[in-house]
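Subject: Structure handover and notes

Dear colleague,

I am passing on the structure below, followed by notes on what was found in it. Please read the notes with the model open beside them.

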Amino acid sequence: MSVSALAQTLKGSEIIKIGGEINELKKQGEKIANLTIGDFDPAIFPVPNGLKHTIIDAYHANHTNYPPADGVSSLREQVSVFLEERYHLNYAPKEILIAGGSRPLIYATYLALVDPGDKVVYPAPSWNNNHYCHLAGAEGIAVPTKPENLFMPTADELRPHLAGATMLALCSPLNPTGTMFGKHALAEICDLVLEENKKRKAGEKPLYLLYDQIYSMLTFNNTEHVDPVSLRPELKEYVVYIDGISKCFAATGVRVGWGFGPEAIMGKMKSILGHVGAWSPKAEQIATAQFLKDTVAVNTYLHAFKIQIQKSLDTLYQGIKQLKSEGFSVDAIEPMGAIYLTVQLEYAGKTTPDGTVLKTSADINFYLIKEAKIGLVPFSAFGNGTDVNWFRASVGACSLADIEEMLPRLKSALQKLR
């Protein structure tokens, strides 16, 4: 069967492949510590009760018809208030767009700003920018980052690639690393964007900044989330933000996200999403607007939720550091935000008990799935090469007990390698 060139050249998700392997083992009765998926097990991390009951009430009130294409007015108004209260960002409801989670908003940003052949710069590792570039026909420029910089891109690393680029895509806290920008590092990058735009001629497309802050309320150890427009207000006309409730309220399946930025860009994104019907369900929008008004409920949930997430991340982090102290070729970066731990497993070239040589990060990962009953995601799924032996570990679908029980299995599996 003939299909489009786009369909023929789409790359499959490495995370889905790993998930398939894990699901097969589960069917065989195996208990797997699934650290692969950037999602939450609702039995471990339920959504806020107030949000859940308000959604139910909205369905009872028959809010089941189409929502407005840009989102119900009550939610856009409340998001405007929420942004002012939480981040001191001043965006009017007309500058806010609601959609079915953050993915449609990211894709709409690409389609609204990037023409086929345009250059998009993003760090490696980062989530899905390589795939969005392919879908938009863009020339993706993946800029490798370094563990000594917490895998966050620096101004010096980005500078050589920004001339002529249409968009710079950034995320903080970063998926897959759980690390974050500091004020100085992000301010230097913001200045690069401003400098680049000053060089461009009248009528020339500017350099836009896509800033994904979907994990911004999940920060730990007194780390502070920073954003471009707060640091450099003159950037406001060039920045599109991505945010929503999916991660901060463990509400990935509720599908309420919001983008905000220049009104003209939001209007074009609204038209794009309207054609594909990527709206958030109306009842969920109405419920989210009501929940966000309850500051006490929001803060109470976030406080308990963050403690639970951080305990899991810290347990995993300390477990990896303990293995390192015992001489294993492993390491980890202390978690700063999101639901991820960055783990290094330098076992390429080692031989398994059955004589197989582990050549790539994927080989290491599939060995651990089978031998240790642990599933991770190698950075090759996030734009790096298969020779980069760093991995994402997500704690959203595992209990604290699962993490504690899997650490001895990891040690045993690594001990068997020669």
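Aspartate 156 and arginine 159 form a salt bridge (a side-chain nitrogen of Lys or Arg within 4 Å of a carboxyl oxygen of Asp or Glu), and their closest N and O atoms are 2.6 Å apart. Aspartate 156 is exposed at a relative accessible area of 58%, whereas arginine 159 is partly exposed at 44%; here buried means under 20% relative accessible area, exposed over 50% and partly exposed in between, with a 1.4 Å probe and protein chains only.

Before going further, please note that this is a predicted model, in which local features need pLDDT of at least 70 and side-chain atom pairs count only at pLDDT 80 or more, while totals for chains, interfaces and linings use all residues. Residues are numbered from 1 along each chain as its sequence is written, and side-chain values use heavy atoms, with hydrogens and water left out.

By the rule given above, the count comes to 16 salt bridges. One of them joins lysine 205 to aspartate 118, with the closest N and O atoms 2.7 Å apart. This pair links distant parts of the chain, since lysine 205 sits in the loop between α8 (183-199) and β6 (208-212) and aspartate 118 in the loop between α5 (102-113) and β3 (119-124), 87 residues apart; helices (H or I, at least four residues) and strands (E, at least two) are DSSP runs, numbered from the N terminus. Lysine 205 is partly exposed, at 27% relative accessible area, while aspartate 118 counts as buried, at 17%.

Arginine 232 likewise forms a salt bridge with aspartate 191, the closest N and O atoms being 2.7 Å apart. Because arginine 232 lies in the loop between α9 and β7 and aspartate 191 in helix α8, the pair ties together parts that are 41 residues apart in sequence. Arginine 232 is partly exposed, with a relative accessible area of 23%, and aspartate 191 is also partly exposed, at 26%.

Turning to helix α4 (residues 73-87), its 15 residues should span 21 Å at 1.5 Å a residue, and its end C-alpha atoms are 21 Å apart, which agrees; the expected span is 1.5 Å times one less than the number of residues. The buried residues of α4 include Leu75, Val79, Phe82 and Leu83. Histidine 88, which follows α4, has a positive phi, near 60°.

Best regards
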